[in-house]
Amino acid sequence: MVRWGLVCTAGVLAAYLAVLLANSRHFYTDDTESQYAPLWVMTGRALREGRFPVLVPENWLAGNYAIEETGLLNPPQLLIDLLAVSVDDLALYATLVKMLFAVVLGLGVYRVCLAYGGRPPWSAVAGVAFPCSGFLLFFDAASWMTAFTGTTWLVHAWASGVRFARGRGGPVPVFVFLYLTISVQYVFPAVEAAVLFATVLLGEFVYRRQWGPVVRLALVAGCAAAAGLATYLPSLLTADVTWRGASEVRNDQFLTVPWSESLNASLPSTLPAFTSWWGYVQPLPMVYIAWFLIPALAFVDWKRAADAARELSGPALFAVLTLLWTAGPGTMGPLRWPARVLPMVALALLVLVCVLLGRFGTVAGTRRRGIAAAVLVVLLLARSAAAAPEETLGHLMAAGGVGGLGAVVLWLGRTRGRGAACLLTLVAVAPIAYLQVHAAQPTPMSWNLPAKRSEMTAAFPDFPGTTLQLGDRALIAPGERTLDGAYGSLAFGNYAKNLEVDYVGGYTPNGHFYFGHLLCMRWDVSVCPDAYRRAFAPEPETGRPLVDLMLVDRVVLQRALFPGAREQPAPAGWKWVDYPGHEQYIVVLERETGPVSGRAGRVAHTAGVTVGATAESDTTSRVRVDSPTGGRIVFARLGWPGYRAHLDGRQLPIDVVANSFVAVDIPPGTRAGDLELTWRPPGWKIGAALVTAGLLGLAALELDRRRGRRRTVPPPAEPPAGPAEPLVGPAEPLVGLAVPRGGPAAAPTDPVAPPPTDPVAGGPGPVAARP
């Protein structure tokens with residue numbers, strides 16, 4: 001079994017190397033280059049300095065990292081962050097990290113198939129095919145890193161959960177993998193895990209018809225969910241002031257996928273039809289799963305497979321539910337864009353089909369089954385041609401390729417055995433992935449941000465202190481997206497974190513609604529043309545401009561958005577400053593009196609209050625205050641939920657100015673008072689209690705298992721496993737079932753064998769009931 005695990009590993013690596021041949025930056029594009037990789041650098045730098053970057057006030061709109069996709073409670077992610085600081089080439093680093101996760105992901109799918117009784121060769125095929133399925137390869141692996149890592153941990157949680165329910169494993173792997181899935185700090189894997197484990201629990205009850213294993217699996221899943229909830233409590237309790245919210249349900253048809261697109265799942269050239277950023281016909285094969293998936297259904301002995309219906313009811317139900325999810329609603333609270341669930345559809349279908357092929361595949365009646373497979377390929381062709389008629393020639397060539405490959409695989413299965421057939425099936429994944437990625441060039445997703453941090457820093461101006469950039473990323477022409485062009489002067493998304501400078505804003509899907517409205521600032525730091533006026537207009541309550549309340553040291557204006565700004569007088573207290581070599585893209589305003597950030601801590605405005613000594617950290621401001629008649633202090637801190645104020649140990653209420661800036665009213669008669677303003681992620685005490693409860697529950701379950709207190713019901717009796725099979729053996733039928741006339745004369749039937757040793761989690765296969 002280890003042998004086929006190694007084949008799976010090699011197949012995944014070969015496929016991802018083929019992708020890199022087609023596009024060396026495929027795994028460093030879109031959100032990876034603009035959001036995640038810079039977050040790794042920022043978080044790793046903070047950790048090395050002894051800070052836990054749960055809040056960075058100077059980042060303002062994107063500074064609450066308790067609600068961003070940072071994975072602060074996910075140990076593997078923190079290790080990625082720590083190592084990122086030592087790497088100059090972020091494209092290379094992101095690629096290596098993703099290739100490692102792809103291998104772990106492929107082995108996880110391999111384990112899931114084995115857990116359901118799949119044969120190692122076909123299980124390895126599933127493990128290689130899934131990381132190269134359309135949506136996963138072009139979106140999760142290329143861009144949405146947290147979706148990719150969450151899925152990686154989820155498949156191992158699935159395998160460990162089935163093994164635990166069937167008496168072949170313990171609760172610890174289930175807890176660990178499920179916690180890692182949830183704590184990546186991306187809500188989709190967490191919700192997908194809930195749906196998956198609900199179907200697993202139901203499927204195991206249908207299969208075993210025993211409550212004990214189901215209850216134990218539910219308990220360990222509940223413990224992991226309790227521990228993982230600490231990741232999402234801050235987001236839930238902060239949702240009211242963010243763009244996302246938590247309760248809206250609507251169907252806007254954006255990235256909702258019609259069920260008919262499932263008929264494109266095995267045609268590599270497919271360009272499905274539904275609404276996204278690029279219109280109605282997509283430029284990427286987003287619904288593709290695997291070239292063999294649909295045609296191979298013709299070679300399953302469905303009469304025999306019906307006997308395993310109860311055993312495979314869990315993955316079948318998961319496939320149905322996720323397919324329903326992909327069709328909408330478009331938004332359910334923080335969940336939007338149902339196409340994101342397409343990898344779960346691919347996962348469920350690959351597990352089902354590859355387990356069925358391994359256990360019930362047959363080449364009996366080859367002519368009849370070959371005709372059925374050809375009809376399925378024609379259906380694939382018809383649906384893909386209907387979605388993108390202008391690509392019909394390409395679809396015809398792809399259909400011919402699928403048919404030809406299938407014929408060769410079938411011939412190998414009849415003449416050289418199942419191992420050879422499966423090897424060709426998974427080997428074909430790499431060239432198909434290469435052709436798909438090559439055909440999609442230039443990718444419509446890339447920002448084309450620089451990859452080497454040393455080159456970024458050398459090209460960018462030296463901007464100490466806090467900088468507010470006012471620009472619009474859409475105004476950067478494609479030819480200017482280089483270090484010699486706009487990226488040497490402008491920082492959008494999280495790019496400033498690579499430069500280790502403090503910029504207002506950053507890439508955020510969860511931005512502060514009210515602050516974003518003040519500056520009309522969007523998720524990628526882009527602003528509207530009115531932002532310049534707004535930044536210097538007096539705030540009504542304090543009479544101070546926003547740049548003063550934010551303690552901004554510098555304002556960078558994009559020339560393309562504000563073409564005549566440099567010819568106008570500078571605002572009062574500010575001056576135009578030249579930065580030679582950058583005049584084509586930016587003009588810069590700085591304060592006449594020098595930087596103000598850090599001059600008096602984060603105190604931005606006072607009324608009726610005298611401020612003395614201050615002390616600051618990211619989450620705490622300490623100020624010595626005097627206020628004989630009472631007054632107010634406004635801090636250069638964004639009013640996220642979670643702030644508390646104490647004056648000489650007595651709690652004071654928190655207020656906000658312009659729905660954005662933290663303010664505290666100081667009572668009259670205050671003399672040399674010690675004001676302490678602190679921020680903690682909302683719900684952190686409850687989260688800590690839930691983590692403790694989850695760990696205690698896990699300990700109790702593991703202790704109970706070790707002491708033999710639970711009664712173990714063995715799986716239903718199964719025939720013993722047949723002899724080990726070579727990778728490529730002599731005249732062996734595809735799966736050893738019915739042999740067509742003229743086939744190998746003495747081929748034995750292939751009994752339904754119990755799952756073998758787990759190559760990842762270790763431990764024996766089926767065992768007798770423990771005492």
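**Reading the cavities and a buried residue**

A: About 150 Å³ of space lies in the largest cavity. This is a predicted model, in which local features need pLDDT of at least 70, side-chain atom pairs count only at pLDDT 80 or more, and totals for chains, interfaces and linings use all residues. Residues are numbered from 1 along each chain as its sequence is written, and side-chain values use heavy atoms, without hydrogens and water.

Q: What is a cavity, and which residues line it?

A: On a 1 Å grid over the protein atoms alone, a cavity is a set of points where a 1.4 Å probe fits but cannot get out; lining residues have an atom within 4 Å of a point. A volume is the space filled by probe spheres set on the points, which are joined across faces, edges and corners. Here, 21 residues line the largest cavity, and those closest to its centre are Ser 262, Val 287, Ile 289, Leu 342 and Val 345.

Q: Which helix gives the largest share of the lining of the largest cavity?

A: Helices are DSSP runs (H or I, at least four residues), numbered from the N terminus. The largest share, 5 residues, comes from H13.

Q: Is Leu 55 buried or exposed?

A: Buried means under 20% relative accessible area, exposed over 50%, and partly exposed in between (1.4 Å probe, protein chains only). Leu 55 is buried, at 2%. Leu 55 sits in the loop between helix H2 (31-48) and helix H3 (75-84).

Q: Which residues does Leu 55 touch?

A: Contact means heavy atoms within 4.5 Å. Not counting residues up to four places away in sequence, Leu 55 touches several residues, including Asp 618, Trp 640 and Trp 679.

Conventions:
Helix = DSSP H or I, 4+ residues; strand = E, 2+ residues; numbered from the N terminus. 1 Å grid on protein atoms, 1.4 Å probe; cavity = no way out; pocket = protein on both sides within 12 Å on 5 of 7 lines; lining within 4 Å.
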